[in-house]
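Subject: Handover of a structure and summary of findings

Dear colleague,

Please find below the structure that I am passing on to you.

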Amino acid sequence: MSLYNCKSTSTPFLWRMTKFDSDLNMEASYLVSISDCSCPAGYRPTCRHRQMLPKFTRINAVDKLWFFDFETNTWEKHSDHSDSGEDLQATMGSDSVAR
Ligand SMILES: [Zn+2]
């Protein structure tokens, strides 16, 4: 199982997508925009992170405790997730970014 969550950054139109295993251990974290991604597939025209990004923004799941399971195409909500990216939490623009 690969779970992903998505957080806004201090940069407009740039998000941080983090991959977790089924126990919510962080596996990887990438900076994602509509056109670019910092993952190993970032050189390709698209990748799973860029495919998932509209899903997060569409249902306003950015900066929330919602996790997307890419394989099964389902959402999970977790409340026991310790926020390791708290220092990255955007203090501005989270409302305007969530579109
Ligand atoms: Zn990617």
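What percentage of the contacts in the protein chain with a separation of 6 or more is accounted for by residues 24 or more positions apart? The share is 45%. Please note that this is a predicted model.

**Overall arrangement**

The protein chain holds 2 helices and 5 strands. Read from the N terminus, its elements follow the order β-β-β-α-β-β-α. Of the 99 residues in the protein chain, 20% are buried.

The 5 strands build an open sheet with antiparallel pairing, and their order across it is 3-2-1-4-5. Strand 3 (26–32) and strand 5 (74–77) each have a single partner strand, so they stand at the edges and one side of each has no neighbour in the sheet. On average, and with direction ignored, neighbouring strands of the sheet are turned by 30° against each other.

The pairing of strand 4 (residues 66–69) with strand 5 is antiparallel and comprises 4 bridges. Within it, Phe67 has Glu76 of strand 5 as its bridge partner, while Phe68 is bridged to Trp75 of strand 5. The hairpin of these two strands has 4 residues between the strands, and Asn73 in this hairpin adopts a positive phi near 60°.

**The helix across the sheet and the core**

The largest nonpolar core has 13 residues, and the members that touch the most others are Tyr4, Cys6, Met17 and Phe68. At least two residues of this core come from each of strand 1, strand 2, strand 3, helix 1 and strand 4. Strand 1 supplies the largest share, with 3 residues. In soluble globular proteins, nonpolar side chains generally tend to be buried together.

Which residues does Cys6 contact, leaving aside its neighbours within four places in sequence? They are Trp15, Met17, Leu53, Phe56, Ala61 and Val62. Phe68, also listed among the core members with the most contacts to others, is the residue whose bridge partner is Trp75.

**The loops**

- Phe13 lies in the loop that links strand 1 and strand 2. Its phi is positive, near 60°, although the residue is not glycine. Phe13 counts as exposed because 12 other C-beta atoms lie within 10 Å.
- Leu14 belongs to the loop between strand 1 and strand 2. With 16 other C-beta atoms within 10 Å, Leu14 is partly exposed. Apart from residues up to four places away in sequence, Leu14 touches Thr9, Leu31 and Ser33. Its C-alpha atom is separated by 9.1 Å from that of Asp36, a residue 22 positions away along the chain.
- Leu24 is placed in the loop between strand 2 and strand 3. Phi of Leu24 is positive, near 60°, in a residue other than glycine. Leu24 has 15 C-beta neighbours inside 10 Å and therefore counts as partly exposed.

Yours sincerely

Notes:
Residues are numbered from 1 along each chain as its sequence is written. This is a predicted model: local features need pLDDT of at least 70, side-chain atom pairs count only at pLDDT 80 or more; totals for chains, interfaces and linings use all residues. Two strands pair if DSSP finds at least two bridges between them. Axes are lines fitted to C-alpha atoms, for helices over the stretch in contact, and angles run from 0 to 180 degrees between N-to-C directions. Two residues are in contact if their C-beta atoms, placed from the backbone, lie within 7 Å. A nonpolar core is a set of buried Ala, Val, Leu, Ile, Met, Phe, Trp, Tyr and Cys residues joined through C-beta atoms within 7 Å.
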